[in-house]
Amino acid sequence: ELFEIKYLEYLRVTNIGEVVRSLAKRSLKDEITLLCIEYEPAKCHRKLLAEECQRYELSLKVVHR
């Protein structure tokens, strides 16, 4: 839980937030894949990053495979 709070704070820092916003915008045009060693996306930072991208682009579709 603390990790999630701290990671989201990090993603919302001005310069990082701009990168996340750019990734979200690019994701509308190109398929983006987020990789990690965690098997379950619910227990991984990639889920948090994907959700943060959706804050910037509400129509963004996220698929966990």
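How many aromatic pairs does a search of the whole structure find? I get 2 aromatic pairs. For my own record, rings of Phe, Tyr and Trp (its six-membered ring) pair if their centres lie within 6.5 Å, and planes under 30 degrees apart count as stacked, over 60 as edge-to-face and the rest as tilted.

Before going on, I note that this is a predicted model, where local features need pLDDT of at least 70 and side-chain atom pairs count only at pLDDT 80 or more, while totals for chains, interfaces and linings use all residues. Residues are numbered from 1 along each chain as its sequence is written, and side-chain values use heavy atoms, with hydrogens and water left out.

**Rings**

I looked up Phe3 and Tyr7, and they form a stacked pair, 5.6 Å centre to centre with 10 degrees between the planes. Both sit in helix H1, 4 residues apart, about one turn of the helix. (Helices are DSSP runs of H or I with at least four residues, strands are E runs of at least two, and both are numbered from the N terminus.) Ring pairs also bring in Tyr10, linking Phe3, Tyr7 and Tyr10 into a cluster.

My cut-offs are under 20% relative accessible area for buried, over 50% for exposed and in between for partly exposed (1.4 Å probe, protein chains only).

**Salt bridges**

Next I searched the whole structure for salt bridges and got 5. That term means a side-chain nitrogen of Lys or Arg within 4 Å of a carboxyl oxygen of Asp or Glu.

Which residue does Arg12 bridge to? Its partner is Glu52, with the closest N and O atoms 3.0 Å apart. Arg12 is in the loop between helix H1 (2-11) and H2, and Glu52 is in helix H3, so this pair ties together parts 40 residues apart in sequence. I wrote down that Arg12 is partly exposed at 43%, whereas Glu52 is buried at 1%. Arg12, Glu52 and Arg55 are linked in a network of salt bridges.

Lys47 bridges to Glu51, again with a closest N and O distance of 3.0 Å. These two are 4 residues apart in helix H3, so about one helical turn separates them. Lys47 is partly exposed at 24%, and Glu51 is partly exposed at 36%.

I also found Asp30 with Arg26, at 3.6 Å between the closest N and O atoms. Asp30 is partly exposed at 38%, and Arg26 is partly exposed at 49%.

**Tyr56**

Tyr56 lies in helix H3 and is partly exposed, at 24%. What does Tyr56 touch, leaving aside its neighbours within four places in sequence? I list contacts (heavy atoms within 4.5 Å) with Gly17, Val20, Arg21 and Ala24. The C-alpha atoms of Tyr56 and Ser22 are 9.1 Å apart, though 34 residues separate them along the chain.

Last, I checked the largest pocket, and its volume is about 560 Å³. Of its 19 lining residues, the closest to the centre are Ile32, Thr33, Leu34, Val62 and Val63. A pocket here is an open set of points on a 1 Å grid over the protein atoms alone, where a 1.4 Å probe fits, with protein on both sides within 12 Å along at least five of seven lines; lining residues have an atom within 4 Å of a point. The volume is the space filled by probe spheres set on the points, which are joined across faces, edges and corners.
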